[in-house]
Each structure stands twice: as C-alpha cells, then as structure tokens.
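Student: I have a structure open and would like to go through its fold with you. Can we take it step by step?

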Amino acid sequence: MSGIAPEVERILAPNPGPLTGPGTNTWLFGRGEVLVIDPGPLDQQHLDAVARAARLRGGAGMVVCTHHHPDHREGADRLAEMLGAPLAIYHRRAERSGELALEDGDRLLAGESWLEVVHTPGHSQDHLCLFAPREHILFSGDHILSGTTSVIWPPEGDMAAYLDSLARVRDLDAEWLLPGHGEPISEPRKAVDALIAHRLEREGQVLEALGPDPVAPSQLVGGLYHGYPPEVLEYAAQTLLAHCIKLANEGRIERVPGEGEARFRKP
Ligand SMILES: [Zn+2]
C-alpha cells in the first residue's frame, strides 16, 4: 500500500456490516513469497482476487488467520488449497493435519521479510497479532480496529485479558497498525492509549451506574451508549457484561446468584 511499505497489499472483502465496517481486510505481506493474513469470508470472487494478487507477487508461503471468527477464517481452507500453502492458526485451534499450530513468539518467514506472532487474547481466546519488526508494522486483526471498537463477548471475550493484550502491543516498535477492519492507523501508541482510556472510562461508568440493587448489563446500555445505532446495542451489552465480569473478579462489584441474564450490584 502506498505510504506504508512495498511489502503490504490490501484486498477488501465484500462483507460490510455493523461489526465488520467496510468489510474484512485481507492483507498480503512480504517481498517475494508472501503471507496472506485473514482470507475473510468464503466468497469465491474475493478469494480469486487474493490468490491472483498473491501469485503476482511470487506465490504464498502461508495463509494465517488472526482468529477463528468466520469473517476472518471462513475462506481460509479454500484459499490455502487454491494456493497450495499451509493454513496457520493459534495452536489450540489447529485441528486438522497440515495446519500449522502457532504459538506466541513464533517467527513466520515472508520471502525476505518475517513476522512475529504475538498472542493477544481478549476479543477471542485465540487472537493473534502479527508484528513485522523490520517494517515496523503490526497486523492487529480485531484486537485493534479502525472506525469502531472491538466487541468483547463473554465467555470467550475477556476484558481483563483484552486490556493486558493492549498493554502488550502498545510497547511494540510499530509505526503502523493494519487492522482487520477499517483504515490503517498511524501513531499506534496514541491509538492504543486512547483505546485503553476508553475502556477504563466505560469501566468507571459501569461502577458509577451500579448500586445496591441488582442490575443486568443490558439495562445499562441505553444510558451508556446513548446515540449509538440500534444494531450495535446487543454487542454493547456484551461488552458491558465483560466489564462487569472483570469488576466482579476483582471484587469491586458482585454477581447476584440466579437464573437468566447475569445481574450485578455493589457489595
Ligand atoms: Zn472481524
């Protein structure tokens, strides 16, 4: 992509929506043989475009998924087959023979460049970011998005882990964040600081909204997400639930025993 690095190319998948923004970004990275990051949905036209672009650059050494959600992973098997390249995913999700099981700290060769695997649980347990130290680029998947915030949906989504993972990528020497959805982000540290501040602000609002009476996170959405489009409110309720679970684990609020939707109160 112009302005970022000659190693980088983006192909936008045709799956726009409230969670995917303009669609999933499929990234090619490398000089010579490339890595394909996040093939996106099972859309043959999109996969054809990705395969064509990869072949033009010298073929693909590997297809990598940042996490298993279908908007990133669904087209991966087909694309790997089309390119004759192995599929690489977080080791606890690698199930089939021929899949490469990735772990934190692994290095992936991309022609003359390479990427480092950074395990960043939070949005999902298996979430990986991919860091190119030489090019100062971080492929951030859904850990850090542009134009929207990541949904943290319990039980798989974990707010405490998410904040830890944000702190971890904050200290990488990156000049660009290339997200799973939306436009490239310059000044990564500023963006990560803003995200951490935003989450802590929400946490403070949740604390403030709770009193001695049991309240469900969905009852807090109207007040805390005033003015947001209605289609995101269900996801917002899940992220508020993730905040409540974190606060309860820290002993700052308590979960009220009972059936149905989880309810919380101040002790
Ligand atoms: Zn996504």
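Student: What radius of gyration does the protein have, and why does it agree with a compact globule?

Tutor: This is a predicted model, so the value is computed from it. With 267 residues, a compact globule would have a radius of gyration near 18 Å. The value for the protein agrees with that: 19 Å.

Student: Which strands stand at the edges of the six-stranded open sheet?

Tutor: The order in the sheet is E1-E2-E3-E4-E5-E6, with mixed pairing. An edge strand here has a single partner strand, so one side of it is left without a neighbour in the sheet. The two that stand there are E1 (8-12) and E6 (100-102).

Student: Which residue of E3 is the bridge partner of Leu28?

Tutor: Strand E2 covers residues 25-29 and strand E3 covers residues 34-37. They pair in the antiparallel sense over three bridges. In E3, the partner of Leu28 is Val36.

Student: Which helix lies across E3, E4 and E5?

Tutor: Helix H1 (residues 44-56) lies across E1, E2, E3 and E4, and runs at about 165° to E1. The helix asked for covers residues 76-83 and runs at about 175° to E4. That helix is H3.

Notes: Residues numbered from 1 in each chain as written. Predicted model: local features only at pLDDT ≥ 70, side-chain atom pairs only at ≥ 80, totals over all residues. Heavy atoms only, no water. Pairing = 2+ DSSP bridges. Helix = DSSP H or I, 4+ residues; strand = E, 2+ residues; numbered from the N terminus. Contact = heavy atoms within 4.5 Å. Axes fitted to C-alpha atoms, helices over the stretch in contact; angles between N-to-C directions. Rg over C-alpha atoms; globule rule 2.2 N^0.38 Å.
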